[in-house]
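Here is a short note on pockets and ring contacts. Please read it beside the structure.

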Amino acid sequence: MIDGRHGSAGAPGALGGMGGHSGPPISSDEAALEAAAQARVTLILGTSDTGKTSLAARLAGALAARGERVAVVDADVGQSEIGPPTTVGLGQVTSALARLADAEVLALEFVGDTSPVRYIRETAEATGRLVRRALSGGFQRVLVDTGGLVEGPLGLALKRAKIRAVDPDLVLVLQRRDESEPIARALESAGARPRVVRLAPSPAVLRRTATRRREHRERILREYLARAAIIELDVARVPLKDRRGAVVADVDAGRLLGVLGSAGETLGIARVRAWKPEEGRVVVETPVAADRIAMLVAGRATWAG
């Protein structure tokens, strides 16, 4: 049983000794909780449909129930739970969660696509910034949920970039066989940090097709924009730029935009309804109040709705 005491990130726990050599995958929320209770920052990785998000929600709720201040960074820009797709989200957890989407959203970072491979550096840096924001805000435990791309050169590059940016104390690896072993072994060979713990997915986890994942993403977007208003903005007052800061001269209907405040913070996203270049105006739908919008950033993702 867990006794509520917290050691250092490298302290031995129920899943193995120091240095993270944890042996074969095991299936135990109690063991995963014991490991996470000893780490300030825990990153969860694994391929799609291994139960990463559900595990993050269970761990966050269990840690919060023990009196910890718990934050979760949702770095899965395509299957977002904290914040809408195209963003990395930071949420606060104060009680048990039915799903990760029930966390209180504290901050967002607009990446601009639902596939992180086009923005590997940007996705990793956004994730790292939100982890640091949580730590500086006094959160005792920060959990990072990641997307399902772990295999191949792009998967390795993405996960390595996120791990560098996050600098976790603990990495929980969910895998059915050995699909995440290249990442796990590379981390173990690097030294005592981060500790690596392998976990077997729950048999209850259902595999989703690409169609089901797209349907999930579209449902989240519909829910997000259900409370949106249609507003017309003067781009002389509220500039529309690309991610590099260049002014956008044309934008198609359906394009998803990042909505930024006066301090450059991401307030949410918007969808383009119409572009009126002759009037220098853009019509968007967004739940963000018009008087809070200082700039719009065009991403790559579009959604017909």
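1. Helices (H or I, at least four residues) and strands (E, at least two) are DSSP runs, numbered from the N terminus. The model is predicted: local features need pLDDT of at least 70, side-chain atom pairs count only at pLDDT 80 or more, and totals for chains, interfaces and linings use all residues. Residues are numbered from 1 along each chain as its sequence is written, and side-chain values use heavy atoms, without hydrogens or water.

2. The largest pocket holds about 1200 Å³ of space. A pocket is an open set of points on a 1 Å grid over the protein atoms alone, where a 1.4 Å probe fits, with protein on both sides within 12 Å along at least five of seven lines; lining residues have an atom within 4 Å of a point. Its lining counts 49 residues, and D49, T53, D76, Q79 and R208 are the closest to the centre.

3. Which elements give two or more residues to this lining? They are α2 (52-65), α4 (152-166) and α6 (210-225). The most come from α6, with 8 residues.

4. The second largest pocket has a volume of about 770 Å³. It is lined by 40 residues; P84, L108, T266, L267 and G268 are the closest to its centre. At least two lining residues each come from β4 (104-110), α3 (120-136), α6, β11 (266-276) and β13 (295-302).

5. Two charges sit over rings (NZ of Lys or CZ of Arg within 6 Å of the ring centre and within 35 degrees of the ring normal). R69 lies over the face of F139, 4.2 Å from the ring centre. R243 lies over the face of Y119, at 5.3 Å.

Terms used:
Points joined across faces, edges and corners; volume = space filled by probe spheres on them.
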